[in-house]
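Okay, thanks everyone, let's get going.

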Amino acid sequence: MTPAAPETVATGPGPGPGPGRPAGPAAVRRRGRRENLAGYLFLSPWIAGFLLLTAGPMVASLYFAFTDYNLFDTPEWIGLRNFTDMFADPRWRKSVEVTAWYVVVGTPVKLIAALAVALLLNQSRRGQGFYRAAFYAPSLIGASVSIAIVWRALFSDDAIVDRAQKAFGSDVGGWIGDPEWIMYALVALTVWQFGAPMVIFLAGLQQVPRELYEAAQVDGAGSLRRFWSITLPMISPVLFFNVLLETIHSFQIFSSAYIVGGGAGGNACGPADGSLVYTCYLYVQGFENSRMGFASAMAWMLLLAVGLVTAFLFWSQRRWVHYEEGAR
């Protein structure tokens with residue numbers, strides 16, 4: 001005779017679930033609501049900051065982009081006049097040209113320097129940790145105002161760079177005072193800050209299997225061939241990430257261009273607008289000329305340009321970025 005299964009006895013008070021008795025749907029919903037409430041409470045500082053400091057100002061600037069607003073008077077709706085004035089402004093077109101030149105020249109040079117140093121640091125040697133920290137350090141302080149002031153002093157007339165040029169027979173003069181050379185000083189400053197992409201490149205290089213290099217070396221492939229056929233394809237996702245990040249950062253350059261260019265007044269963006277990057281002209285229009293509506297329109301055009309460039313980079317990655325199977 002088969003013995004009967006023991007009955008589950010509820011020991012908790014009332015009709016609620018006790019030991020051995022599953023919780024009802026209502027109890028599960030109540031517990032889920034409590035957990036959700038706790039999660040929202042922890043997220044509330046970030047949500048408040050996002051709404052007050054990011055989403056709110058973005059919506060306000062979109063409205064101001066269609067108004068005549070100077071921070072002191074009531075905004076007056078003018079429709080698309082800010083955008084038409086923008087396209088007709090020769091200084092605005094100059095800022096677009098200068099920024100495009102900086103993005104096209106500064107970003108690749110910085111990434112090439114970062115990858116070259118990462119390849120050197122990827123080799124085992126004594127004091128490797130010190131060298132990595134030393135090369136990364138400029139990225140921590142390079143964007144500060146103090147470094148921009150030091151950079152302006154280095155590239156001024158009769159400063160260290162000018163004296164070094166004269167020692168080699170070149171009398172170009174200080175780069176800061178020459179509208180043809182000031183952007184090269186800014187490119188040199190951004191290249192000096194290659195530490196952040198270098199660390200990312202280094203992390204990608206350490207994930208490349210050593211067996212691939214050994215097999216290629218056995219087949220007679222030289223260093224350059226191994227770099228083009230193994231290293232670059234294997235780190236192409238990391239390269240794409242760095243290209244995307246540094247391109248966006250290049251569009252947003254402001255403090256270094258503003259300080260090195262002059263910092264205020266007629267030469268706020270360099271002599272003869274030599275360092276008139278987009279964000280510098282936006283600042284001049286918004287805070288020096290009190291044309292906040294015009295500056296808001298410029299800001300949204302910058303957002304549109306960055307979005308289009310980002311979309312193009314994501315579209316182009318299918319042609320040169322190689323992911324592991326199933327990783328895309």
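So, Asp273 and Arg91 make a salt bridge, with the closest N and O atoms 2.9 Å apart. The pair ties together distant parts of the chain, 182 residues apart: Asp273 sits in the loop between α12 and α13, and Arg91 is in helix α3. Keep in mind that this is a predicted model. How accessible is Asp273, buried or exposed? Asp273 counts as buried because its relative accessible area is 16%, and the cut-off for buried is under 20%. Arg91 is at 30%, so that one is partly exposed.

By the rule used here, there are four salt bridges. Another one of them is Asp162 with Lys166, at 3.8 Å, N to O. Those two are both in helix α6, four residues apart, so about one turn of the helix. Asp162 is buried at 4% relative accessibility, while Lys166 is partly exposed at 43%.

Then there's Arg163 with Asp158, where the closest N and O atoms are 3.6 Å apart. Arg163 comes out as exposed, at 54%, and Asp158 as partly exposed, at 44%.

A polar atom of the Gln193 side chain lies 3.3 Å from the backbone oxygen of Leu189. Gln193 is buried, with a relative accessible area of 15%.

Arg29, Arg30, Arg31, Arg33 and Arg34 form a positive surface patch, and Arg29 is placed in helix α1, residues 25–64.

Definitions and conventions:
Residues are numbered from 1 along each chain as its sequence is written. This is a predicted model: local features need pLDDT of at least 70, side-chain atom pairs count only at pLDDT 80 or more; totals for chains, interfaces and linings use all residues. Side-chain values use heavy atoms; hydrogens and water are left out. Patches are made of residues with over 30% relative accessible area and no salt bridge: like charges are joined within 9 Å, nonpolar side chains (Val, Leu, Ile, Met, Phe, Trp, Tyr) within 5 Å. Accessible areas come from the Shrake-Rupley method with a 1.4 Å probe; for residues, only the protein chains shown count as cover. A salt bridge is a side-chain nitrogen of Lys or Arg within 4 Å of a carboxyl oxygen of Asp or Glu. Lys and Arg count as positive and Asp and Glu as negative; His and the chain ends are not counted. The place of a charge is taken as NZ of Lys, CZ of Arg, CG of Asp or CD of Glu. Buried means under 20% relative accessible area, exposed over 50%, partly exposed in between (1.4 Å probe, protein chains only). A polar contact is a pair of N or O atoms within 3.5 Å; within protein, one must be able to donate a hydrogen and the other to accept it, and residues adjacent in sequence count only if both atoms are side-chain atoms.
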